[in-house]
Amino acid sequence: MQIHTKHYRISAAILIALAAVVCVLLSTQFLSMREEEPIYPGEGVTQTRMLSDWYPAIRGTAGDTEVYVLQGAADGDSMLVLGGTHPNEPSGLLSAVMLIENAKMETGTLYIIPRTNNSAFTCTDPQEGTPMRFHISTPEGERWFRFGSRATNPIHQWPDPEIYVHASSGQRLSGSETRNINRSYPGRTDGNFTESISYAITQLIQQEGVDITIDLHEASPEYPTINAVVAHEDAMELASWALLGMQMEGMDIALEPSPKNLHGLTHRELGDYTDTLAVLMETANASQGRLRGKTDERLIVEGKDKFYVRAAQYGRLYVPFDENGHPLSERVARHTTGILQFAQAYNDLGLGTIQITGMPTFVEMQTDLGPYLIPKAKN
Amino acid sequence: MLYVYLGLVLLLAIGIIWNMFREKDILKQLDAALVLVPLILRLLLIK
């Protein structure tokens with residue numbers, strides 16, 4: 001069908017003006033994702049630094065991000081917690097926030113990066129239809145958090161190559177993986193934007209002599225590595241001991257070795273290139289899965305999905321899935337309990353001393369996160 | 001490489017606008033206007 005008009009120049013001008021209006025309206029939405037969710041550091045936080053303190057080249061870029069330091073009164077060993085490596089895996093961010101706002105260190109130092117890939121928080125994944133934010137109810141009001149992308153925002157790193165070659169191993173992956181920070185470790189100074197962020201994190205670990213690094217993730221219920229810890233071979237003894245503690249808390253969790261032929265991930269490269277004991281933890285996130293229904297805030301927070309219940313009945317999942325789903329509170333409880341158990345295992349094995357206090361129990365967090373995320377006046 | 005790609009996007013946007021003013025079919029003008037939106041957002045590094 002064609003609709004011809006003799007006033008085509010006027011219609012062109014009108015349509016261009018309309019396109020400009022649409023651009024303005026869409027811009028307000030897209031730019032809203034650059035607003036950072038408030039985090040209220042608790043009494044345990046002794047310093048708030050920026051990642052660029054350890055690698056100045058990223059200062060002023062979207063890759064720079066806050067590092068919360070909780071230093072105990074007594075000298076001890078150190079742990080780094082990476083939340084928000086993939087901002088579409090919300091329990092990582094939220095677990096980090098729980099620690100920042102509640103934990104105290106008796107001995108040793110805890111470094112927490114809640115938004116490891118800060119750039120990836122500023123956009124959502126195209127064609128996934130995810131909301132930009134989700135909300136957590138607390139006794140004193142609602143808190144909001146962003147639901148971002150798995151990868152660096154393409155406006156910060158563009159174009160993607162056809163094939164992404166991991167510099168230190170030669171591993172070849174799809175070009176889009178060039179923006180996945182968890183394929184870019186240990187990073188490099190002459191690489192792309194994402195590799196510069198992972199290089200900064202590697203520098204933090206090396207310069208501070210971080211003893212344990214825990215990277216928090218989620219996976220879809222049909223993914224085989226789920227409700228699991230993945231450990232570098234150097235960290236396997238520690239992980240085994242920590243898992244016993246988690247299981248005694250009522251967590252059903254598995255232990256997987258870090259594959260030696262899969263490069264760029266924290267549990268492989270940080271273990272190979274630094275002295276840190278590198279582990280990664282996964283929980284079950286229905287909002288990431290391919291079988292999910294409507295992708296709304298409810299799915300992110302409550303973790304319930306009737307299609308996954310059906311898939312579980314057909315035996316297609318790697319995690320039990322019933323009408324109760326896997327709510328965000330359960331996933332955060334798993335991560336934070338795991339972190340505490342890693343610290344305890346480190347002490348029990350005589351590797352050193354890291355004492356974290358002030359955190360609620362697994363059952364308390366699993367029941368409701370709200371009481372532990374009460375918004376406070378910023379310091 | 002970023003600036004090369006942004007240059008290509010700018011050229012494309014200019015070409016589309018140029019053709020909109022020469023196209024007599026309103027439906028094709030509408031298609032072009034729809035295509036312009038993501039190009040402008042990428043040119044401004046918003047999306």
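I count two rings of Phe, Tyr or Trp as a pair if their centres lie within 6.5 Å, and I call the pair edge-to-face if the planes are over 60 degrees apart. The model I am working from is predicted.

**Entry 1: aromatic pairs.** I searched the whole structure and found five aromatic pairs over all chains. I looked up A:W54 and A:Y111 and noted centres 6.5 Å apart and planes at 85 degrees, so this pair is edge-to-face. A:W54 is in the loop between strand 1 and strand 2 of chain A and A:Y111 is in strand 4, so the pair ties together parts 57 residues apart in sequence. Both A:W54 and A:Y111 are buried.

I then looked up A:Y55 and A:Y199, which also form an edge-to-face pair, with 4.8 Å from centre to centre and 70 degrees between the planes. A:Y55 sits in the loop between strand 1 and strand 2 of chain A, while A:Y199 sits in helix 3, 144 residues apart. Is A:Y55 buried or exposed? A:Y55 has a relative accessible area of 12%, so I put it down as buried.

**Entry 2: helix 2 of chain B.** I checked the length of this helix, residues 26–43. Its 18 residues should span 26 Å at 1.5 Å a residue, and the end C-alpha atoms are 25 Å apart, which agrees. At the N-terminal end I found B:D25 as the cap, with a side-chain oxygen 3.0 Å from the backbone nitrogen of B:L27. Just after the helix, B:L45 has a positive phi of about 55 degrees.

The buried residues of the helix include B:L36, B:V37 and B:R42. Their cover includes helix 1 of chain A and helix 1 of chain B.

**Entry 3: arginines over rings.** I noted B:R42 over the face of A:W158, at 4.5 Å from the ring centre. A:R133 lies over the face of A:W144, at 3.6 Å from the ring centre.

Definitions and conventions:
Residues numbered from 1 in each chain as written. Chains lettered and ligands numbered in written order. Predicted model: local features only at pLDDT ≥ 70, side-chain atom pairs only at ≥ 80, totals over all residues. Heavy atoms only, no water. Helix = DSSP H or I, 4+ residues; strand = E, 2+ residues; numbered from the N terminus. Expected span 1.5 Å × (residues − 1). Buried < 20%, exposed > 50% of the residue type's maximum accessible area, 1.4 Å probe, protein only. Contact = heavy atoms within 4.5 Å. Polar contact = N/O pair within 3.5 Å; in protein donor to acceptor, adjacent residues only side chain to side chain. Phe/Tyr/Trp six-rings, centres within 6.5 Å; stacked < 30°, edge-to-face > 60°. Lys NZ or Arg CZ within 6 Å of the ring centre and 35° of its normal.
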